[in-house]
Amino acid sequence: MRVVLRPDPEHPSAVGLVDGQPLTVEGRDAYAGGRLVPQEEIGEALAAAVEEAASALWGSDYLGSLSRVLGLNRRSVVGDRIARNGLPGWALAIIGYGAGHPVPRALGYLLLSAAEVLDATDQHPRGERDALARQGLEDALALVERARNMKRLPAGPS
């Protein structure tokens with residue numbers, strides 16, 4: 001069995017595919033093409049799909065990042081736990097969306113940044129928090145652009 005976590009435009013409620021069939025999740029029950037798939041059947045393939053998708057977002061050391069972004073205990077996102085218990089549909093949808101992004105690693109960093117902003121500003125009103133996040137992204141883009149523009153190649157022999 002092969003599970004791939006990615007958005008499926010033909011099936012908006014799907015979090016991915018199971019052997020080419022739309023994968024939907026209700027609670028922690030997985031359905032392939034509308035058919036209930038027992039956790040014992042899908043568990044290992046689901047854990048492998050989460051690892052593949054999370055690695056696209058954060059590299060091979062993804063556990064801490066995945067845990068932080070989803071707000072789940074680190075033990076809950078370990079492969080053997082996913083194989084045994086699955087993950088909620090909302091979590092699989094986020095991971096799949098991220099892995100399907102044109103630049104998943106960049107989105108992974110943005111997701112971590114968003115988690116940091118939310119953690120640091122949980123006492124702020126949403127509008128203020130959003131403004132801080134937008135300003136932070138604009139500042140980061142400007143700083144990287146400035147660094148690249150300031151970089152000078154050594155002058156060659158005259």
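How do the axes of helix 1 (residues 39-58) and helix 4 (residues 89-99) cross, and within what distance do they come? They come within 8 Å and cross at roughly 50 degrees. This is a predicted model, where local features need pLDDT of at least 70, side-chain atom pairs count only at pLDDT 80 or more, and totals for chains, interfaces and linings use all residues. Residues are numbered from 1 along each chain as its sequence is written, and side-chain values use heavy atoms, with hydrogens and water left out.

**Helix 1 against helix 4**
- The angle makes helix 1 oblique to helix 4 (under 35 degrees counts as roughly parallel, over 145 as roughly antiparallel, 65 to 115 as roughly perpendicular and the rest as oblique).
- Axes here are lines fitted to C-alpha atoms, for helices over the stretch in contact, with angles from 0 to 180 degrees between N-to-C directions; helices (H or I, at least four residues) and strands (E, at least two) are DSSP runs numbered from the N terminus.
- Helix 1 passes helix 4 in a left-handed crossing (the near helix is turned anticlockwise from the far one by less than a right angle).
- On the helix 1 side, L46, V50, A53, A54 and L57 meet L92, I95, G98 and A99 of helix 4, with contact meaning heavy atoms within 4.5 Å.
- Sorted by class, that contact has eight nonpolar, one polar and no charged residues (Ala, Val, Leu, Ile, Met, Phe, Trp, Tyr, Cys and Pro are nonpolar, Asp, Glu, Lys and Arg charged, and the others, Gly among them, polar).

**Helix 2 against helix 5**
- The axes of helix 2 (residues 63-70) and helix 5 (residues 104-120) come within 9 Å, crossing at roughly 50 degrees, so this pair is oblique too.
- Helix 2 passes helix 5 in a left-handed crossing.

**Pocket and cavity**
- Both come from a 1 Å grid over the protein atoms alone: a cavity is a set of points where a 1.4 Å probe fits but cannot get out, a pocket is an open set with protein on both sides within 12 Å along at least five of seven lines, and lining residues have an atom within 4 Å of a point.
- The largest pocket holds about 430 Å³ of space, with volume being the space filled by probe spheres set on the points, which are joined across faces, edges and corners.
- Its lining has 16 residues, and L110, S113, A133, G136 and L137 lie nearest the centre.
- Helix 6 gives the largest share of that lining, 11 residues.
- There is one cavity of 30 Å³ or more, and V25, R28, A30, Q39, L46, G86, L87 and L92 line the largest cavity.

- D19 sits in the loop between strand 2 (16-18) and strand 3 (21-26), and its phi is near 45 degrees, a positive value in a residue other than glycine.
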